[in-house]
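Dear colleague,

I am passing on the structure we spoke of, placed just below. My notes on what was found in it follow, with the cut-offs written out.

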Amino acid sequence: MRNIKVFFQYVIPSVLSFALSGIYTIVDGFFVGNSIGDAGLSAINIAYPIVAVIQALGTGIGMGGAIYYSINKADKKEKQAREFIAGALWLFIILSIVLTFLVFFLNSSLLKLLGANGQLLYLGEEYIAVIALGATLQIIGTGLIPFIRNHGGSFYAMVSMIAGFVTNIILDYLFVWVFEKGIAGAAWATVIGQCVTMLIVLIYLLHKKQFTLTIPFSKIGIVFMSIIKIGIAPFGLAMTPNISLIIINRFSISYGGEKAVASYACIAYIICIIYLILQGVGDGSQPLISQYYGEKNFDEMKSVIKLAYQFSIFLSFIACMIMYFTKGYVGVLFGASSEVNAEIAKIMPIFLVSVPFVAINRITTASFYATEKSAFSYILTFIEPVLMLVLMMILPPFFGGQIMIWWSTVFARILSAFLAFILKKRVDCSLAL
């Protein structure tokens, strides 16, 4: 790549933004865990996939619109680029209305479907009822971030995330510890923090005169379908750890009980941040990949992708080293019992094996949806949980129960990375022709 500095100007703020989005949940887990204990941790862990769906929908629609925005701008089609901003905003509004009603009124049913019962169900209902009321704030705030990055505002996008994150920490402390509002207080802190992010993002778009709801009626269907077609992959990528979480929780309840669920809750809080950091590398490099793709400058595009692989692998090894040497303190951070903390320290190295393979998968998938290779991005996005489910149905009953639940997640991610390598080679060969 001609200018490595430009790559890092896009990628570093994106990495930090994604890391902060993951820390949102850790903050809730920290305050709730140290206030309520293992039950509070487990409740947020079981309920979190619902929160993740809301945020992932915003990410998917936002990324789908932002990619076409970037490609059209690179091709000097300013009018068409702005139509994708308007299309994404209308999709945000429609989704927000639908999700608010669905999640609020189906709160209990959704949690039962995820395996919650008894005290976990009661606590989860408190948490999700508040999250549902703030669905609009989460979808719009999360969804507009890719547009800011693709408009060259990566640093500003990071600032908006930091502002929301700091607000969340302060309010978690006040609502959960000072005013003793429990798990509902943590949810309100999250929602208000995301509201701050949304307001800052909207101010940026208004200031840059990029905010528009104007789109010809005749183009609404085409724009919506184009956004959704690309957005399915980043939506799935954001959801994959949470789909995995659902699968792991369901099998762990059967094999390891509440202790296994609480153990993985703490691990998931931390390791999902690593996955988000890796996604931050992919999504941070996406504006450059889409730009060079739109310009048909394939040599520069390949250079960006290569640099993204190198940087993500580097970050994955650094993250693994940090997590390995601090594995004995993860449970303590969340107020887990000594028994759960000991289990975390024992099984953490198993999950770290898969991190470099996740890095390969994330970058490859991002490069596919950044260049309109939708079919390949779908395959890589959804193959991991499918493999995980199949392996968990086969390995634990015959080869060791709960320990094979953990190893099934690792094997699924390794196999997904090998598939990513095969598909990437096929795409490279087609570009060389």
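The largest nonpolar core has 96 residues, and those with the most contacts inside it are F7, F92, Y127, I128, L144, V281 and Y369. Its largest share, 19 residues, is supplied by helix α2 (residues 38–74). A second, separate core holds 40 residues, including Y275, M323, L395 and W406. A nonpolar core here is a set of buried Ala, Val, Leu, Ile, Met, Phe, Trp, Tyr and Cys residues joined through side-chain atoms within 4.5 Å, where buried means under 20% relative accessible area, exposed over 50% and partly exposed in between (1.4 Å probe, protein chains only).

This is a predicted model, in which local features need pLDDT of at least 70 and side-chain atom pairs count only at pLDDT 80 or more, whereas totals for chains, interfaces and linings use all residues. Residues are numbered from 1 along each chain as its sequence is written, and side-chain values use heavy atoms, with hydrogens and water left out.

Leaving aside neighbours within four places in sequence, V281 is in contact (heavy atoms within 4.5 Å) with V11, V15, A308, F311, S312, L315 and I363.

Helix α14 (residues 355–370) is largely enclosed by the rest of the structure, because 14 of its 16 residues are buried. Helices are DSSP runs of H or I, at least four residues long, numbered from the N terminus. After α14 comes E372, whose phi is positive, near 65°.

M393 lies in helix α15 (residues 374–399) and counts as exposed because its relative accessibility is 54%.

Best regards

Definitions and conventions. Helix = DSSP H or I, 4+ residues; strand = E, 2+ residues; numbered from the N terminus.
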